[in-house]
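Subject: Structure handover

Hi,

Here is the structure I promised to pass on to you.

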Amino acid sequence: MNKVKWLLYIVLSMTLISSGRLYADIVVKPILEEARATLSKATARDFEWTTTRKLIKEAEAALASGDEDKSLKLAKAALNEAEKSLVQANYAEAHWQDDIPR
């Protein structure tokens, strides 16, 4: 009987993980939160890219409409852009003297 209960538990767990809401909570929302936090850091350094905020909004809209795959793709793109904007900020900070005419 324990084997049957254990199997039932595994099947139900897999069903819940594959369901949209739990999938969004586990996979998509943390990426969106990280994208927002990284964007905030870039914004504080005046290096916010113009498309990152739009990608975050589109990812949130896709998630709200139940399109988890599209939302995940957009969230990853937003995080990627936010991270690259910080790379750009770091580069600009390290190399600002290169723009001064000699």
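Below is what I found, going from the overall fold to single residues.

A word on the source: this is a predicted model, in which local features need pLDDT of at least 70 and side-chain atom pairs count only at pLDDT 80 or more, while totals for chains, interfaces and linings use all residues. Residues are numbered from 1 along each chain as its sequence is written, and side-chain values use heavy atoms, with hydrogens and water left out.

The overall picture

The protein chain has four helices and zero strands, giving the pattern α-α-α-α along the sequence. Helices here are DSSP runs of H or I with at least four residues, strands are runs of E with at least two, and both are numbered from the N terminus. Of the 102 residues, 25% are buried (under 20% relative accessible area; exposed is over 50% and partly exposed lies in between, with a 1.4 Å probe and protein chains only). The chain exposes about 7,600 Å², and carbon and sulfur atoms supply 60% of that (Shrake-Rupley method, 1.4 Å probe; for residues, only the protein chains shown count as cover). Among contacts (heavy atoms within 4.5 Å) between residues at least 6 apart in sequence, 70% join residues at least 24 apart.

The core

The largest nonpolar core has 17 residues, and Val 28, Leu 32, Ile 56 and Ala 75 touch the most other members. Helices α2, α3 and α4 each supply at least two residues of this core. By nonpolar core I mean a set of buried Ala, Val, Leu, Ile, Met, Phe, Trp, Tyr and Cys residues joined through side-chain atoms within 4.5 Å. Leaving out neighbours within four places in sequence, Leu 32 is in contact with Ile 56, Ala 59, Glu 60, Leu 63 and Ala 75.

Salt bridges

I count four salt bridges, where a side-chain nitrogen of Lys or Arg has to be within 4 Å of a carboxyl oxygen of Asp or Glu. One of them joins Arg 36 and Glu 60, at 2.4 Å from N to O. Arg 36 sits in helix α2 (residues 20-44) and Glu 60 in helix α3 (residues 52-64), 24 residues apart. Both ends are partly exposed, Arg 36 with a relative accessible area of 35% and Glu 60 with 30%.

Another pairs Arg 45 with Glu 93, whose closest N and O atoms are 3.1 Å apart. Arg 45 lies in the loop between α2 and α3 and Glu 93 in helix α4 (residues 68-94), so this pair ties together parts that are 48 residues apart in sequence. Here Arg 45 is partly exposed at 30%, whereas Glu 93 counts as exposed at 55%. Glu 48 and Arg 53 also form a salt bridge, at 3.1 Å from N to O.

Two residues to look at

Glu 81, in helix α4, is buried yet has no salt bridge; the nearest side chain of opposite charge, Lys 84, is 8.1 Å away (Lys and Arg count as positive, Asp and Glu as negative; His and the chain ends are not counted). Beyond four places in sequence, Glu 81 touches Trp 49, Thr 51, Thr 52 and Leu 55.

Asp 46, in the loop between α2 and α3, has a positive phi near 60 degrees although this residue is not glycine. Asp 46 is exposed, with a relative accessible area of 70%.

Best wishes
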